[in-house]
Amino acid sequence: MTSTQQRLREEAAVFCQSLRPVLEQDEEWRRQGMLSDGDSREVYRLLGEAGWIGMSWPVEFGGRGLTRLTATLVEEVFGYHWLPLSSYLLSYKTIGAAIERYAEPALVDLLLPPISRGELIFCQGFSEPGAGSDLGSLTTRAELRGDTYVVTGHKIWTSSAQLSDWIYLGVRTDADTKHRGISVLVCPVDTPGIEVRSFPTLGGGYLCETFLDGVEIPVANLVGEVNGGWDVLMYTLDFERVTAEKLGGFAWVLNAVEERLRETDRLDRVAAGRISRLRGELHASRLLSFRAADNLDRELPGSASSAMAKLSGARLAQAIGDAAVDLLGLEGLAEGAEAAIEGRAAALYRASVGSTIAGGTAEVQQLVIARRGLGLR
Ligand SMILES: Cc1cc2nc3c(=O)[nH]c(=O)nc-3n(C[C@H](O)[C@H](O)[C@H](O)COP(=O)(O)OP(=O)(O)OC[C@H]3O[C@@H](n4cnc5c(N)ncnc54)[C@H](O)[C@@H]3O)c2cc1C
């Protein structure tokens, strides 16, 4: 780690401490922390105000011109402090990265500055009832009429749609081909014809269904080429799958479990051994995340390295959630900020069920690693 990266991580830790009083006012955070699907808009705004959103973007878009690797190292600190990050991750790290790379300058100028100020939240409308792992089968259709696309379809599992300002949509612009008939459009969520319905999840938060009925979106809101959307979707997922921020949160959980066992005189050799092994795996997963971020900086094909980072982080979420509730016993199942280790053993245990599904399932990551990383057929 360079001295600049180290300094930024220290500054980020101080900033996170300063947010603690704000976080403690937030009922949702007290229950779920960084695992909440429903985000704290106030924390997102404060992150933007302090210059932490858009770190890897050029200064003219509100960024700091840093590398994605440096941003990833800082995000790990945010995770360690359990900041509610879903708006940050979707709007800046994932969708913002693709907009910066693929959108026309006017759209970039319109969207990146308010994202970096923490004022504009995006959600991601890729999955549909019949298109998840096989995203190339998506059927939400966009018909060109003059200089407007008219979009009709049904998206599902749209995280944070209930609190987002804009939506990032994978749509079908050519019904005669599969992957080469997809485009990406963006529009405000309050555009007429969009209806969002949220529902509670096992993880303790919410997911949404998004219905689109004759939604009019200007051609100028295309991200990338018409029918070139598949590459944009894959690029977006490469950024989404580098999840070092979550690893920061897992490190906090392991430290807190160890501390709790020590103070209650339960830290025997079996427990200490299990925690040590998980710490080793966590370190390996961090290195996979940092390598994937570095590959993205160097514009090397990201998919296999991002998939490795995602797969190892998702499995660790479950292993550490499991270990935390096991080792703490009954108190590990208690939820809420007053419970042992602030209720985060139970929160992680529940939320981690979705970690091997969200952003592409574990099986899909294995396919990506096999095909694009190892060249297997
Ligand atoms: C918490 C959470 C948040 C999410 N947020 C979003 C979001 O914001 N936006 C969004 O667009 N989507 C989101 N999703 C949806 C997610 O991307 C999909 O659930 C995921 O891609 C899997 O798709 P599916 O649910 O249709 O399952 P399916 O694709 O139907 O898969 C079912 C099972 O079959 C397996 N399978 C499928 N194909 C293969 C294959 N070729 N080889 C081996 N096994 C296979 C899968 O691994 C899985 O076990 C979210 C999901 C979760 C759980």
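In these legends Ala, Val, Leu, Ile, Met, Phe, Trp, Tyr, Cys and Pro count as nonpolar, Asp, Glu, Lys and Arg as charged, and the others, Gly among them, as polar. The structure is a predicted model, in which local features need pLDDT of at least 70 and side-chain atom pairs count only at pLDDT 80 or more, while totals for chains, interfaces and linings use all residues. Residues are numbered from 1 along each chain as its sequence is written, and side-chain values use heavy atoms, with hydrogens and water left out.

**View 1. The shell of residues around the ligand.** The shell comprises six nonpolar, nine polar and one charged residue. S127, S133, W157, T361 and E363 come nearest among the 16 residues around the ligand, where a residue is near if one of its heavy atoms lies within 4 Å. Because domain 2 (124-228) and domain 3 (241-373) both contribute residues to this shell, the ligand lies between them; the domain bounds come from an automatic or database domain assignment.

View 2. A polar contact here is a pair of N or O atoms within 3.5 Å. A backbone N or O atom of Q124 lies 2.7 Å from a ligand nitrogen atom, and a backbone N or O atom of W157 lies 3.0 Å from a ligand nitrogen atom. From S159, a polar side-chain atom lies 2.8 Å from a nitrogen atom of the ligand. The ligand taken alone exposes 980 Å², of which the protein buries 62%, by the Shrake-Rupley method with a 1.4 Å probe.

**View 3. Cysteines.** Zero disulfides (pairs of cysteine sulfur atoms within 2.5 Å) are found in a search of the whole structure. For C208, which is in no disulfide, the nearest cysteine sulfur is that of C123, 7.6 Å away. C208 is buried, with a relative accessible area of 0%, and C16 also counts as buried, at 3% relative accessibility; buried means under 20% relative accessible area, with a 1.4 Å probe and protein chains only.

**View 4. Domain 1 and domain 2.** The C-alpha centres of domain 1 and domain 2 lie 24 Å apart. Contact, meaning heavy atoms within 4.5 Å, links 20 residues of domain 1 with 19 residues of domain 2.

Key:
A polar contact is a pair of N or O atoms within 3.5 Å; within protein, one must be able to donate a hydrogen and the other to accept it, and residues adjacent in sequence count only if both atoms are side-chain atoms. Buried means under 20% relative accessible area, exposed over 50%, partly exposed in between (1.4 Å probe, protein chains only).
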